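Let us walk through this structure step by step. Keep the sequence and the 3D view side by side.

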Amino acid sequence: AFRNLPPGPKGLPFIGDVQHAADHGWLASPQRRDDYGELMYLSVFGQGILVVNSQRVAVDLLEKRSNIYSDRPRFISVNEFLTENLTFVFTGYGDLWRRFRRPAVEGFSKSVVLDFYPIQSREAIMLALALMNNTYSVKKHVQRHAWSIILSINYRLPPVESDDDPVIVGIVDHVQWVGHELEPGARLVELFPWMRYIPSRFAKWKRYTQYWFIQDSLRHERLLNKVADDLAKGIDQPSFGATLIKNQEKYRLSEREQAWLVSDMLSAGGETTSTTLHWWLLALLAHQEVQVRAHAELDEVVGYARPPTFADLPSLPYIRAMVKEALRWSPATPLGVPHASSADDWYEGMFIPKGTIVLPNMGLINSDPTVFGSDSASFNPARYLDEKGQVKALMEGREEGHVSFGYGRRVCPGRFVAEGTLAIDFATLLWAMRFERPEGAEGELDMHAFAPSGIAHPVPFECKAVPRFAEAETLLKAALDLYE
Ligand code: HEM
């Protein structure tokens, strides 16, 4: 029977639209919405992909019908071989996901994340000290910083000193592997599922992924075992790992499942946070007026005698607005993390087959001029302030004021900790210094994104950090001692 699929490019018979499906920029472009509307459907070897171009439809499907839109696509190499389905972010909508989701939500709830303030405060100061007085390619610094925070939160590890630290290298490798495996066409087995029955001795890719699964499991388990050893010795500092171990009966996770869950909260939280920081610094270089306004707020509220703390944040609305604006302006995953549907569905007369991959077009939704105004393309934290200078959400029914944390039952469980990191970083860095382009840099700043594995990075750039007053560095060092 004729089924009325949502509109979209036709592609080739059988093969479909492989070329476009692999091109994030093409899929996410506003031109596609103009051509096809709020829903665009394309097909690759029979796999349906639906790009959702409006908040209205994203909420209707991913939230109001979340009972059938909370699955993930099945990536055979990632799910079945590389991680044996133990990756929380990519695991299907079922029992294991539920057992992962509850401790993740509870372990990073609005009230539990207060336990992590000392870690975030210490790391914000470390980042400020690392950048100060120098001209740097900032990418390495924000990466070390983000990984160090989440490693401390998850395992109570001491701060990581350099981005060559073996723990970080191991994790970055793991994340890159998974990211690479997720690239469309990375593995033929995704297109021809019968290939997974080929014995490993004939299939190199299979040996590869199984080898990595064992290496990764061992590494994750080693890290968590250290937390267990500490607990056994009576050292009980708050960490996500400790929460899992102490609540083993409540959460019903095996040791291996626990180890993978903690490690996954790590993989999911590192690069997303560091990329947002990286974009934020680029935005500051392009918008000196934003820095001027933040400096004025910090001068008035905090003064010059000590760096800001979490306790100042309620009195720093412009800084908090900047957190929303940074997340809105540069969503780490411009096409979201793919959802998949687990039943046939009809929407406004259109048929959406079971198993369709659903991509919310976050970049487009976050820049809707009817919500964010005609300057939605530029970085302007003040859009989130009302007439009284207080923070407002702007988007109806969305406290965050943007959609960069995703949708429905799969919404990012790490969002409160991520917001805390960004807020204390913005306050601390801007309190201490001003960011400028390095001497001799001229012309337009490059604002292009590249998204090798779905996470959108800026093109690496240099920036110069100039202290705002003579004692800033000494005061930061003194404050650091408080957190050690
Ligand atoms: C700026 C920082 C971050 C951004 C922009 C971000 C964004 C996202 C997005 C878009 C999703 C997918 C939601 C969906 O499927 O609709 C997600 C899921 C997830 N995030 Fe985050 N995230 C950030 C930080 C973190 C942190 C710090 C953690 C861990 C502490 C974390 C853990 C996770 C996990 C585990 C999932 C998968 C949840 C599931 O599939 O049920 N994220 N995040």
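Predicted model: local features only at pLDDT ≥ 70, side-chain atom pairs only at ≥ 80, totals over all residues.

Residues are numbered from 1 along each chain as its sequence is written.

Helices (H or I, at least four residues) and strands (E, at least two) are DSSP runs, numbered from the N terminus.

Next, look at a pair of helices. Helix 16 (residues 317-329) and helix 19 pack at an angle of about 125°, with their axes 9 Å apart. Axes are lines fitted to C-alpha atoms, for helices over the stretch in contact, and angles run from 0 to 180 degrees between N-to-C directions. The two helices, helix 16 and helix 19, are therefore oblique to each other. Angles under 35 degrees count as roughly parallel, over 145 as roughly antiparallel, 65 to 115 as roughly perpendicular and the rest as oblique. In their contact (C-beta atoms, placed from the backbone, within 7 Å), Ile319, Arg320, Met322, Val323 and Ala326 of helix 16 meet Glu419, Leu422, Ala423, Phe426 and Ala427 of helix 19. The residues of this contact divide into 8 nonpolar, no polar and 2 charged.

Now the strands. Two strands pair if DSSP finds at least two bridges between them. An open sheet has 4 strands in the order 1-2-7-4, with mixed pairing. Strand 1 (39-44) and strand 4 (339-340) stand at the edges, each with a single partner strand, so one side of each has no neighbour in the sheet. Strand 2 (residues 47-52) runs parallel to strand 7 (residues 357-360), joined by 4 bridges. Val52 has Pro360 as its bridge partner in strand 7. Helix 4 (residues 55-64) packs on the sheet and touches strand 1, strand 2, strand 4 and strand 7.

Finally, turn to strand 11 (residues 462-467). Strand 3 (residues 135-137) joins strand 11 through 3 bridges, and the two run antiparallel.

Definitions and conventions:
Contact = placed C-beta atoms within 7 Å. Nonpolar A, V, L, I, M, F, W, Y, C, P; charged D, E, K, R; others polar.
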